[in-house]
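Good morning, and thank you for making time for this item. I would ask everyone to look at the sequence and the structure together while I speak.

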Amino acid sequence: MTAARARLAILISGRGSNLQAFIDACASGRLAAEICVVISNNPEAEGLRKAADAGIATRCIDHRDYATREEFDAVLAREVSDYRADLVILAGFMRILTPTFIEPFSGRLLNVHPSLLPKYPGLHTHQRALDAGDSEAGVTVHYVTLELDGGPPIIQARVPILPQDTAQTLAARVIVNEHIIYPLAAQWHISGRLRLTESGVCLDGKSVPSTGVDYRQEED
Ligand code: GRF
């Protein structure tokens with residue numbers, strides 16, 4: 001008898017390249033999970049088509065149909081619960097979530113952010129790194145808490161910033177790493193190796209550094 005695979009709900013707003021990385025990781029067996037639903041707040045999201053092409057259930061919950069963030073979040077939470085998701089993956093989901101959604105999924109809600117948090121929470125991260133004259137940029141996967149892009153980091157991958165970089169060329173270098181470390185963090189979580197505890201993130205029973213595991217040093 002094989003163990004039941006973990007159920008993932010993936011929330012998107014746009015292109016869905018991270019979603020595609022999860023679809024591929026599930027198909028290859030690198031991630032012992034199934035994607036039970038993909039939900040978008042944006043009816044035009046290209047990722048909805050990627051999910052449908054992979055035979056995954058899709059839902060669109062258009063935030064413009066709700067008067068408040070809390071009403072939208074309550075409907076979103078109900079939908080994710082109805083699909084009995086074990087882990088919720090924010091993959092380019094461009095809505096600020098309220099406690100109505102975050103609290104019920106605390107400790108099983110992950111996000112990917114295209115900067116080396118705590119640097120550059122929010123938008124336009126690559127341009128901000130260039131404007132600041134940084135020598136490196138990167139990506140962080142973190143547990144989601146009530147603070148926007150402020151939840152405890154799990155893993156980070158770093159890339160160099162080159163003299164000729166634009167926000168677009170830098171983004172292209174970073175996103176390759178998003179596609180590697182995000183499914184990896186999810187696999188750690190669903191296999192029970194990774195937990196959010198009162199004192200922070202633990203991997204294999206040990207606290208991870210405050211900026212997360214450095215992917216360059218990671219053996220897996
Ligand atoms: C990624 O850069 C992710 O880090 C950010 O939004 C972008 C989503 O890209 N949160 P995609 O929709 O997964 O291609």
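This is a predicted model: local features need pLDDT of at least 70, side-chain atom pairs count only at pLDDT 80 or more; totals for chains, interfaces and linings use all residues.

Residues are numbered from 1 along each chain as its sequence is written, and side-chain values use heavy atoms, with hydrogens and water left out.

Which residues surround the ligand? They are R15, G16, S17, N18, G92, V112, P114 and E178, where near means that a heavy atom of the residue lies within 4 Å of the molecule. By class, this shell has two nonpolar, four polar and two charged residues. In that scheme Ala, Val, Leu, Ile, Met, Phe, Trp, Tyr, Cys and Pro are nonpolar, Asp, Glu, Lys and Arg are charged, and the others, Gly among them, are polar.

Next, the polar contacts, that is, pairs of N or O atoms within 3.5 Å. R15 places a polar side-chain atom 2.6 Å from an oxygen atom of the ligand. For S17, an N or O atom of the side chain is 2.6 Å from a ligand oxygen atom. G16 takes part through its backbone, with an N or O atom 2.8 Å from an oxygen atom of the ligand. The ligand taken alone exposes 360 Å², and the protein buries 85% of that; these areas come from the Shrake-Rupley method with a 1.4 Å probe.

The ligand takes up the space of the largest pocket, the criterion being that more than half of its atoms lie within 2 Å of the grid points. On a 1 Å grid over the protein atoms alone, a pocket is an open set with protein on both sides within 12 Å along at least five of seven lines, a cavity is a set of points where a 1.4 Å probe fits but cannot get out, and lining residues have an atom within 4 Å of a point.

The pocket volume is about 1000 Å³, counted as the space filled by probe spheres set on the points. Its lining comprises 35 residues, and G92, M94, V112, P114 and L123 lie nearest its centre. Helix 1 (17-28), strand 5 (109-113), helix 5 (125-131) and helix 6 (167-190) each give two or more residues to that lining. Which element gives the most? Helix 6 does, with five residues.

There is one cavity of 30 Å³ or more, and the largest cavity holds about 60 Å³ of space. Among the residues lining this cavity are P114, Y120, H126 and D134.

Finally, the backbone. The peptide bond from L117 to P118 is cis, with omega near 15 degrees, and P118 is found in the loop between strand 5 and helix 5. R84, a residue other than glycine, has a positive phi near 50 degrees.

How values were computed: A polar contact is a pair of N or O atoms within 3.5 Å; within protein, one must be able to donate a hydrogen and the other to accept it, and residues adjacent in sequence count only if both atoms are side-chain atoms. Helices (H or I, at least four residues) and strands (E, at least two) are DSSP runs, numbered from the N terminus.
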